[in-house]
Amino acid sequence: MDFTTLVTALLSLTVPAVLIYLLAERLRRCRRSPYNLPPGDLGVPVVGHTLSLLDALRRNADLEWFRARVRRYGQVSRMSVLGSPTVLLAGPAANRFVGGGGGLVLTQTSALRALVGRSVLTFAGDELRQVRGALQAYLRAEMVRRYVCKMDGEVRRHIDVSWVMPLARDLSFGIICSVVFGEHASLVRDALGEDFVALGKAVMSFPVRLPFTRFSKGMDASARIRRAITAMFRKREEASSLLPQGAAAAPSSDGTGDTDFITYMLKLRSQGGHSLSLEDIVDNAMGLVIGAHGTTSVLIAFMTRYLANQPHVLDKVTREQDEIAANKGPDDALTWNDVARMKYTWRVAMETQRIVPPVFGSFRTAVRDLEYQGYHIPKGWKVFAAQSITHMDGNFFHEPTKFDPCRFEKFVPPYCFMPFGGGPRMCPGNEFARVETLVAMHYLVRKFRWKLCCTEEAYIRDPKPAPVNGLPIELEPRRI
Ligand code: HEM
């Protein structure tokens, strides 16, 4: 018997034996459990349901996957994903429970911790409170109001390209860079654009530091971004200590919101608002860029797709945008008041997010033993609620597969529509995303008409929704 045959024979005996042992252990533990665990199963040891869920996501069949489990086990069930026992919850009460936060913390994968070290995505306790407070203050409506002009300029710079997904990505990347990095934005965009793409892709990867893995590329990109941005702002940090009290956080004299995020955070620290180092602030800036651009670009891209397939909706959006433009000169930038009038267009955006939510659900970890609807959730277990389950439930949304923006003119029951999450970890950038999307749509529908090159183009979730071919469109100038 040669060496290879021997190794193969040994492996074929030991691997099944180890798997059977692990399975038996797990079954014994479950049977001994003092908990009233939710119904369900933990699947194959270690792998659990990870591969099956990933496969469903890649085929855009995740809703069916979740529904099958809900049909089989009810609205509370147990499964195992990414190596952890996880409770899958469905329904508005579940969305409220997961968003509410009591005994649950945001699940941080080890990839995320390694990639964006110390940021709002990885903090807990006091540090989290300080940074959430600063982010919410920075992104509040009055601040976003001052970015409208900036967003307008950025959209006009991008608008004449015809490959929707990359265009939407470039656009939202450009906008978030100009807000986060201020006068350094173009430098960051040009020198670090690719690195931010690699970083975004690595966030949900397996943390294996081998050459050519997504994670490894993300780690290299993250180190380059950190180095470059820290160096850029080292000077700014010194300069900001020379600014008069309150100057950095105040609006600029032209009202365009020229206080970039990093300067804002440096100034806030000098006023005792937090105690983060420049390196931590840069990590938070990275977190903000990741949170902002992979999500808003999905919304803009899918809205473009729905408008192409729904001519009557496009007509209504165009009428609304034409009325807004009628009172302005061709070079006048949009204002906050203009954006406030785009009510129907925003309903189209909400309907797009109902059917294709950019973030597919909320993952939490139980920090103590919890109880939900009579079942125990042991400390350390994960809890997951997928938005699509309530978004596509006929009990809350009549004919849920139909694209109908007017449904948002009526009352929507609480905790059924949650594209931005809810509770203490709700997206702090929701207002920012709303304004960015509306400004982009204004110029798109006013200037162009478009046709989808692949009318039935499928999309996958990776885990964000992405059209398989990048959603190419034929774009032509609009004849008015
Ligand atoms: C359509 C666009 C967007 C969608 C659908 C979206 C959705 C979400 C959701 C669902 C969460 C919470 C996830 C959870 O509960 O586990 C979240 C968190 C977050 N979002 Fe957004 N987001 C969008 C745009 C933005 C923008 C424009 C920014 C920044 C300007 C941003 C920054 C963040 C940050 C920093 C967090 C983490 C907050 C925390 O951990 O406490 N997002 N987003």
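# A chat about the ligand shell and helices

Colleague: Hi! Where is the place of R140?

Modeller: R140 sits in the loop between α6 (125–138) and α7; helices here are DSSP runs of H or I with at least four residues, strands are E runs of at least two, and both are numbered from the N terminus. This is a predicted model, so local features need pLDDT of at least 70 and side-chain atom pairs count only at pLDDT 80 or more, while totals for chains, interfaces and linings use all residues. Residues are numbered from 1 along each chain as its sequence is written, and side-chain values use heavy atoms, with hydrogens and water left out.

Colleague: Thanks. What does the side chain of R140 make a polar contact with?

Modeller: The side chain of E142, at 3.1 Å. A polar contact is a pair of N or O atoms within 3.5 Å; within protein, one must be able to donate a hydrogen and the other to accept it, and residues adjacent in sequence count only if both atoms are side-chain atoms. R140 is also 8.2 Å from G429, C-alpha to C-alpha, although the two are 289 residues apart along the chain.

Colleague: And why is R140 called partly exposed?

Modeller: Because its relative accessible area is 34%. Buried means under 20%, exposed over 50%, and partly exposed in between, using a 1.4 Å probe and protein chains only.

Colleague: On to the ligand. Which residues come nearest?

Modeller: R132, S362, R364, R425 and C427, out of 27 residues around the ligand. A residue counts as near if one of its heavy atoms lies within 4 Å.

Colleague: Changing topic: at what angle do α7 and α17 cross?

Modeller: Helix α7 (residues 141–158) and α17 cross at roughly 30 degrees, and their axes come within 9 Å. The axes are lines fitted to C-alpha atoms over the stretch in contact, with angles from 0 to 180 degrees between N-to-C directions. That makes α7 roughly parallel to α17, a label for angles under 35 degrees.

Colleague: Nice. What about α11, is that helix mostly covered or exposed?

Modeller: Mostly covered: eight of the 10 residues in α11 (residues 261–270) are buried, including F261, Y264 and K267. At the start of α11, a side-chain oxygen of D260 reaches to within 3.1 Å of the backbone nitrogen of I262. G272 follows α11 and has a positive phi, near 85 degrees.

Colleague: Last one: is D62 buried or exposed?

Modeller: D62 is buried, at 3% relative accessibility. D62 is found in helix α3 (residues 62–73), and the D62 side chain makes a polar contact with the side chain of R461 at 3.3 Å.

Conventions
Angles under 35 degrees count as roughly parallel, over 145 as roughly antiparallel, 65 to 115 as roughly perpendicular and the rest as oblique.
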